[in-house]
Amino acid sequence: MSKSTEEYLEALYTLTKDGEIASTTAISKRLKVTPASVTEMVGKLSGEGYVNYQPYQGVTLTPKGFKMAEKMARKHRLLERFLHDMLGIGKGMVHDEACAMEHALSDETARALCQTLKYPDKCPDDGNPIPPCDLKFSSCEECRKWRGGSLEKVDRRKASIVSISTLKEREEGKIAFIRGDNKVLRRLLDMGLTPGTKIRISRIAPLKGPVEIAVRGSKLALGEGIACNVFVETAVNQPREK
Amino acid sequence: MAIAGSCHNTTTTKKEKRPSDGEHITIALAGNANVGKSVIFNHLTGSHQTIGNWPGKTVERAEGTLHFDGYDASIVDLPGIYSFSTFSLEELVTREYIAREKPNAIINVIGASVLERNLYFTLQLLDMDIPLVICLNQIDIAKSKGITIDAKKLETILGVPVIPTVASRGKGIHELIQRALDVAQDGHETSGNAVKFGDVVETRIEKLTRAIESEQLNLGYASRWVAIKLLEDDSEIKKLVRLKSESIIRTSEIMAKEVEDVYKESCFSVIASERYSKASRIATDIQRQEMVKATFSDKLDWFTTHKVFGYITAFVVIAGLLLWTFTVGNYLSGWLSHLFSFFESTNPNLTGSIGAILWNGAFGGIVAGVTLVIPFVVPFYFVLAAIEDSGVLTRVAFMFDNFMHRMGLHGKAIIPMILGYGCNVPAIYSCRVMGTRREKLLAAFAITFIPCTARTIIILGLVAAFVSIKWALALYAIDLVIIFALGRIALRVVPGKSTGLIMEMHQFRVPSLSVVAKQTWARTRLLIFMVFPIYVIGSAVVQGMYALGWLGPINHALSPVTVNWLGLPLFTGILLVFGLIRKELIVLTLVPLLGTQNFSLFLTQPQLIALAFVAMLYIPCVATISALVKEFGWKPATAISMANLVSAILLGGIAARLLTLAF
């Protein structure tokens, strides 16, 4: 896959994250290219099955494109964290640096980076969430312990998973993956958030506050910092589209 | 058997009388948070354990004595926990208590309306192989949710006695005591009831259990429980076992790896999943759920967590609590001081023999304590207890979680902070609900800036009385801004990661009068023992200093701060010294000092506000400092006190300058 394809998908990932439709103007602004070349590239991506494109209506990612884009966004934001946390590079500079580096980052290195950085959840410059990896682990603890050699041997998730902090009230899901250190993981498991458990969002506090979930016949409030690391498979399993 | 010593809590360790026919009996209460353990404890002992509808107030265990049918049994109330795996203080207390003290029986209190989660903990207790009685509490709440439970069936499945109760109304308590005493006397009739895991895990647990038994490790814990903990990779238990047998550790690690290979999940997660699915199966087996229309509690829940109404509720609750306190307090304190002045003048005595002056000081301390605690603190605690018992505070914590995060705290910290408006001392102790020491420290720091009732008296006596009620309210609002700003600064001083909020949201309930009354008394009692002695001694010391003529020089020594920086009259120097002992002395001493109740003759309006402002932020009173020392040690206590002093003086000076512009 070409570097510019990756750049486009990543831009679309950010622009369409709340189920919005990205206009070609927005893409051209974000990538600093002319509208004409955006139209051309989007047409090409549409032909390859990465995006849905209707002239004058805008662009959305297909499930295939979304998966690819999520992976790129993950690598990008992991690199930003690395540049910021480990190398002490300023918040204003990490984005461009990461853009240049992300295309060369292998999946193996991304995994190592994630572990070294202790499973980060947000990127440093604009606080966007770092998407989870597609390795079929139910917690980072398992990933850390896994010593099976090459990543080829690890199963990959087929369904995409979403953080419960992105769900709306009354939406449901099944616990698929909990990111973060062992301590929080164990507390959540003890509170009944074991893999496969059904949960329903019963309340979301305003201003990025905690979410209240119904789980195992009781209600549990999870702070935003915890909720953003709890991932579920929803019934639809696809990025929500309008 | 040795019963471990006293606690800081509202506990009593009464002298134990042994029953005539043998060993002394100890019964412990264990279970999830907020299932009614403390209510049951009070029923059993008539004691004064603190109760509230928010999780985690019993961090240390409380003890009392049960007199029943000729028996005297020690009853121990353990903190509410969900498992034994996160190493929180509460879990360590419970786990060590069960292992070391080996109570004759454990009453596992479970909340009938959240059976699945409660049974998850019950299954862990069964693994510990201890004599168990299950108290199926809050069946009334379950009924209101349309849940009926077959207690007999649960008894058959688990093989231990199950007694349904409604503790808040005393229902079933008599039978509970009887069954618990039976179990306690019969000893180990309940052993071997552990619920089995799936084959992959169970065979390994059993093999490891046998290995542990054959090596005779004598850890105090049941071998099966140790085996499970080793498979769960529990670092504490591993440390204990490693001291005795390296080979057991190796075996357990190999076995855990085998389990992980089968399930492709960490062994801890496998065990938790299996336990929960077992709990879930038992729960569906014994309970019948009928559809019920949205209950009043559900509607209240919707309202109190609504993005607009939620904040309004929080505001009304807190403002109402304070307003109620001031209104009732003002009325009662006027009446009480009138009563006291009938006996003896309570104004600080500035002349006379040393003995008379010391006595006057001590008496003044008693009077001040009584006129402060009874009219202000008791009504505050009473209404607060009702609010706590209702469950509203959990919703307030939910709504304010992200604000608290900006100070490095999470939503639960709001509860100790509200408590601080009554008195800072118990509020600082209740910071134990915070998970880490860092968070406890940050919460305690914030609390020291919260105007307690003593500081409220200053604000009322100086500002509301002689300036305007608007300025008094403004001080409260400004205080919140200052707390927030200083909290942000403290966050930089004490670096570290903040933990996120994980909090069970309990059902609303109608506060029970007896629970509320007991709670109020428990907190008041703590105050009497903690704060009164310091009041009395402190007041006498201040009066002694007065008599020795040390105060004039102090006034002069402090004049660069009071006169030059804060723009206050010279005589305010000693007020600040007195304020160290008792905040409200800042106002009370003014009366004899000025010879009038009309302070506006000697202080301008900006000066009155500035003085109240300084007093509000000023160094914590001696009782608060001693609470800080007890909880955190000298160094943090000194640092917090100094931070209070510095910010009071610094901000006070700035305020004084701004105020002269405003008037």
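**Figure 1. Pairing of strand 3 and strand 8 of chain A in the predicted model.** Ser163(A) stands opposite Phe231(A), a residue of strand 8 of chain A. Two bridges connect strand 3 of chain A with strand 8 of chain A, and the pairing is antiparallel. Phe231(A) in strand 8 of chain A also has Phe177(A) standing opposite.

**Figure 2. Pairing of strand 4 and strand 8 of chain A.** Strand 4 covers residues 172-178 of chain A and strand 8 covers residues 230-233. These strands pair in the antiparallel sense, with four bridges between them. Ile175(A) faces Val232(A) of strand 8 of chain A across the pairing.

**Figure 3. Strand pairing between chain A and chain B.** Strand 7 of chain A, residues 218-222, pairs with strand 9 of chain B. The pairing is antiparallel and runs over four bridges. Leu220(A) has Glu504(B) of strand 9 of chain B standing opposite.

**Figure 4. The contact of chain B with chain A.** In this contact, 31 residues of chain B meet 34 residues of chain A. On the chain B side, two or more residues each come from helix 3 (115-127), helix 11 (267-286), helix 15 (392-405) and strand 9 (502-505). Helix 11 of chain B gives the most to this side, with six residues. The side of chain B that touches chain A consists of 13 nonpolar, twelve polar and six charged residues.

**Figure 5. The two domains of chain A and the contact between them.** The domain assignment divides chain A into domain 1 (1-131) and domain 2 (133-242). Their C-alpha centres lie 22 Å apart. Domain 1 of chain A puts 16 residues into the contact, and domain 2 of chain A puts in 16 residues. On the domain 1 side, strand 2 (58-61), helix 4 (63-86) and helix 6 (107-116) of chain A each supply at least two residues. Helix 6 of chain A gives the most to that side, with five residues. By class, the side of domain 1 of chain A that touches domain 2 has six nonpolar, three polar and seven charged residues.

**Figure 6. Packing of helix 2 and helix 3 of chain A.** Helix 2 spans residues 24-31 of chain A and helix 3 spans residues 35-47. The helices pack at an angle of about 110°, and their axes are 9 Å apart. Helix 2 of chain A and helix 3 of chain A are therefore roughly perpendicular to each other. From helix 2 of chain A, Thr24(A), Thr25(A), Ile27(A) and Ser28(A) meet Pro35(A), Val38(A), Thr39(A) and Val42(A) of helix 3 of chain A. The contact holds four nonpolar, four polar and no charged residues.

**Figure 7. Packing of helix 26 and helix 28 of chain B.** Helix 26 (residues 605-617) and helix 28 (residues 634-662) of chain B pack at about 160°, with 8 Å between their axes. Helix 26 of chain B and helix 28 of chain B are therefore roughly antiparallel to each other. Their crossing is right-handed. Residues of helix 26 of chain B in the contact include Ile609(B), Phe613(B) and Leu617(B). Among those of helix 28 of chain B are Ala648(B), Leu651(B), Gly652(B) and Leu659(B). The contact divides into eleven nonpolar, four polar and no charged residues.

**Figure 8. A hairpin in chain B.** Strand 2 (residues 62-68) and strand 3 (residues 71-77) of chain B run antiparallel and are joined by seven bridges. Two residues lie between the strands. In the turn, Asp69(B) has a positive phi of about 55°. His67(B) stands opposite Asp72(B) of strand 3 of chain B.

**Figure 9. Domains of chain B.** The domain assignment of chain B gives domain 1 (25-186), domain 2 (199-289) and domain 3 (309-662). The C-alpha centres of domain 1 of chain B and domain 3 of chain B are separated by 37 Å.

Conventions:
Residues numbered from 1 in each chain as written. Chains lettered and ligands numbered in written order. Predicted model: local features only at pLDDT ≥ 70, side-chain atom pairs only at ≥ 80, totals over all residues. Domains from an automatic or database assignment. Contact = placed C-beta atoms within 7 Å. Nonpolar A, V, L, I, M, F, W, Y, C, P; charged D, E, K, R; others polar. Pairing = 2+ DSSP bridges. Axes fitted to C-alpha atoms, helices over the stretch in contact; angles between N-to-C directions. Parallel < 35°, antiparallel > 145°, perpendicular 65-115°, else oblique. Left-handed = near helix turned anticlockwise from the far one by under 90°.
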